[in-house]
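Hi everyone, thanks for coming. Please take a moment with the sequence and the structure, and then we'll walk through them together.

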Amino acid sequence: QKEYDIRDYIHSLVGSFTEMYANWAPAVVCGIAEINNKKVYIIANQCKNTQQIIPVDPGNLNSSRTIVHKSANVLCADSSKKTAKILNIANNENVPVIVIANIRGFSGGTYDMFSCVLEHGANIVDALVKNGPKVHIYIPPFGTLNGGSFAVFSPSINPDRISMFASPKSNACILEPAAAAPIVWKKNEREYNDYPIGEEYYKIHNGPKRLHHYNIVKEILSIE
């Protein structure tokens, strides 16, 4: 999958989009859009590498300007906090939310661990558990929803509020094939060794048809 600016995809879907907090946590893009003359909030992870510029602290003579690089399609501490904030704003205003979810998981780096990435990720769940407006999650073409990000956006958190949709060209899972296969075939080492790990595993076990079969994905939609 090639890197691209998620803003281009958003603008291709909606007539108008006004971004919010553009200079904070650039790894996630959030804003207000209009669909059929109705206001909605949009949350979408950036699909290209970004960087956060932390300015000099005027109260600390030893501080310096710092550039923090953010990987594409990953939830970091600040982007998780930003996501939770928009969800809570939508809760207070009773405005529906569309989440364009193309996320490989949470960042597990030292910087994000010290920045409380797990705590801010849990705040996303806290915002979704509350009674509030509908939240529609869409996994776009060639997108993926893996690891902890699959857990925090799972419709099972609040089935009456959250609906998940997926492109026929998408996939989603908690564990990627290399990690899941030894568990699935733990009792049969020969079958595990003979099984084609990789694309075939994704196609069979993590594709939208299987997710739809188990009522995780409400509907398979091609929105390009």
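Which residues in H2 meet which residues in H4? On the H2 side they are Ala77, Ser80, Lys81, Thr83, Ala84, Leu87, Asn88 and Asn91, and on the H4 side Val117, His120, Gly121, Asn123, Ile124, Ala127 and Leu128; contact means heavy atoms within 4.5 Å. By class, this contact has seven nonpolar, seven polar and one charged residues. Ala, Val, Leu, Ile, Met, Phe, Trp, Tyr, Cys and Pro count as nonpolar, Asp, Glu, Lys and Arg as charged, and the others, Gly among them, as polar.

A quick word on the model: it is predicted, with local features needing pLDDT of at least 70 and side-chain atom pairs pLDDT 80 or more, while totals for chains, interfaces and linings use all residues. Residues are numbered from 1 along each chain as its sequence is written, and side-chain values use heavy atoms, leaving out hydrogens and water.

Now the geometry. The axes of H2 (residues 77–93) and H4 (residues 117–129) come within 8 Å and cross at roughly 20°; axes are lines fitted to C-alpha atoms over the stretch in contact, with angles from 0 to 180 degrees between N-to-C directions. Helices here are DSSP runs of H or I, at least four residues, and strands are E runs of at least two, numbered from the N terminus. H2 and H4 are therefore roughly parallel, the word for angles under 35 degrees.

Last stop: the second largest pocket. Its lining has 12 nonpolar, one polar and no charged residues, and strand E9 gives the largest share, three residues.

Definitions and conventions:
Angles under 35 degrees count as roughly parallel, over 145 as roughly antiparallel, 65 to 115 as roughly perpendicular and the rest as oblique.
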